[in-house]
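Dear colleague,

Please find the structure below, together with its sequence. My notes on what was found in it follow directly after.

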Amino acid sequence: MIGDGIRIEVLRAGRDGVRLGVVAPPEVAVHRKEIYDQIREANERAASRPFDLGEIARRLRHRA
Amino acid sequence: MTRARTRGSLAERQAPALEIPPRISRDMIRFPHGLPGFERCRGFVLMASEALGPLQCLKAVEGPEASFLVVDPRRLLADYRCQLTDADRIRLGAADGDPLLWLALITIELDGTITANLRAPIVINPSTMLGHQVVPHACVYPLRHVVVGGTAAGE
């Protein structure tokens, strides 16, 4: 148990490794770190590009 | 250079200026956990303008400076569907049937390609003014859905 209501369970243990499960209350977010990192990187890319809003709006309208 | 300027990620330093006079929604949307990579950005406003067409600008007004271009993912894929978990609904204070606002973050890639992150959409519950970025366990949509031009393929 970790704190209130967070439980680590061994789902399977074998020669090739151990598969763990995390049981947590619904208000606690449980993410695989690599997925969270992927989204964090995407967010940073999204926020980092300088852009010309008018130009982008024009290109989008063109597309539609 | 001040400490504030040296602190923070590249993204925070290069937040773009909105040049078009926006029709600003003055109501702040609270993101109690921020966004991945922007965990300290806890309050955002959504700005729209006629000139921006389908795009809107999601700008942090609490925490570090950050702004994102966003678009309703259903304007890109009409049948876009993303499943919310109970945890997502609790974070949004959303009851079943509450109309939710979905937004995909837009990225201008280095080659000028405009992509939209359909994998991890931002969801806002207008009735609670709570927002949250969905971090899906399994999702069929790409992180980089090509919206316009360039040579980059979807991821």
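In this predicted model, the largest nonpolar core holds 27 residues, among which L55(B) and I106(B) touch the most other members. A nonpolar core here is a set of buried Ala, Val, Leu, Ile, Met, Phe, Trp, Tyr and Cys residues joined through side-chain atoms within 4.5 Å. Buried means under 20% relative accessible area, exposed means over 50%, and partly exposed lies in between, with a 1.4 Å probe and protein chains only. Two or more residues of this core come from each of α2 (53-63) of chain A and β5 (67-71), β6 (101-108), β7 (114-125) and β9 of chain B. Helices (H or I, at least four residues) and strands (E, at least two) are DSSP runs, numbered from the N terminus. A second, separate core has 18 residues, including L35(B), F38(B), L46(B) and L58(B).

Leaving aside residues up to four places away in sequence, I106(B) touches A46(A), L55(B), L69(B), V70(B), V71(B), I114(B), T115(B) and A116(B). Contact means heavy atoms within 4.5 Å.

Two conventions apply throughout. Residues are numbered from 1 along each chain as its sequence is written, while chains are lettered from A and ligands numbered from 1 in the order in which they are written. Because the model is predicted, local features need pLDDT of at least 70 and side-chain atom pairs count only at pLDDT 80 or more, whereas totals for chains, interfaces and linings use all residues; side-chain values use heavy atoms, with hydrogens and water left out.

The two chains

Chain B contains three helices and nine strands, which run α-α-β-β-β-β-β-α-β-β-β-β from the N terminus on. Of its 155 residues, 50% count as buried. Among the contacts in chain B with a separation of 6 or more, 51% are between residues 24 or more positions apart. Accessible areas come from the Shrake-Rupley method with a 1.4 Å probe, and for residues only the protein chains shown count as cover.

Chain A has two helices and two strands, in the pattern β-β-α-α along the sequence. Of the 64 residues of chain A, 28% count as buried. Residues 24 or more positions apart account for 0% of the chain A contacts with a separation of 6 or more. Chain A exposes about 4500 Å², with 51% supplied by carbon and sulfur atoms.

The interface between them draws 48 residues from chain B and 28 residues from chain A. Together the chains bury about 3400 Å², 64% of it on carbon and sulfur atoms; buried area is the accessible area (1.4 Å probe) that two parts lose on being put together, summed over both. On the chain B side, P36(B), I108(B) and V135(B) lose the most area to chain A, together 14% of what that side buries.

Strand β3 of chain B

Strand β3 (residues 43-48) of chain B is largely enclosed by the rest of the structure, because six of its six residues are buried. One face carries G43(B), V45(B) and M47(B), the other F44(B), L46(B) and A48(B), and both faces are covered. β3(B) pairs with strand β2 (residues 29-30) of chain B in the antiparallel sense over two bridges, with R30(B) opposite G43(B). Two strands pair if DSSP finds at least two bridges between them. Six bridges join β3(B) to strand β4 (residues 56-62) of chain B, also antiparallel, and M47(B) has C57(B) as its bridge partner there.

Individual residues

H132(B) lies in strand β8 (residues 130-133) of chain B and counts as buried because its relative accessibility is 8%. Its side chain makes a polar contact of 2.7 Å with that of D88(B). A polar contact is a pair of N or O atoms within 3.5 Å; within protein, one must be able to donate a hydrogen and the other to accept it, and residues adjacent in sequence count only if both atoms are side-chain atoms.

M129(B), in the loop between β7 and β8 of chain B, has a phi near 55°, a positive value in a residue other than glycine. Most residues other than glycine have a negative phi. M129(B) is partly exposed, at 24% relative accessibility.

Yours sincerely
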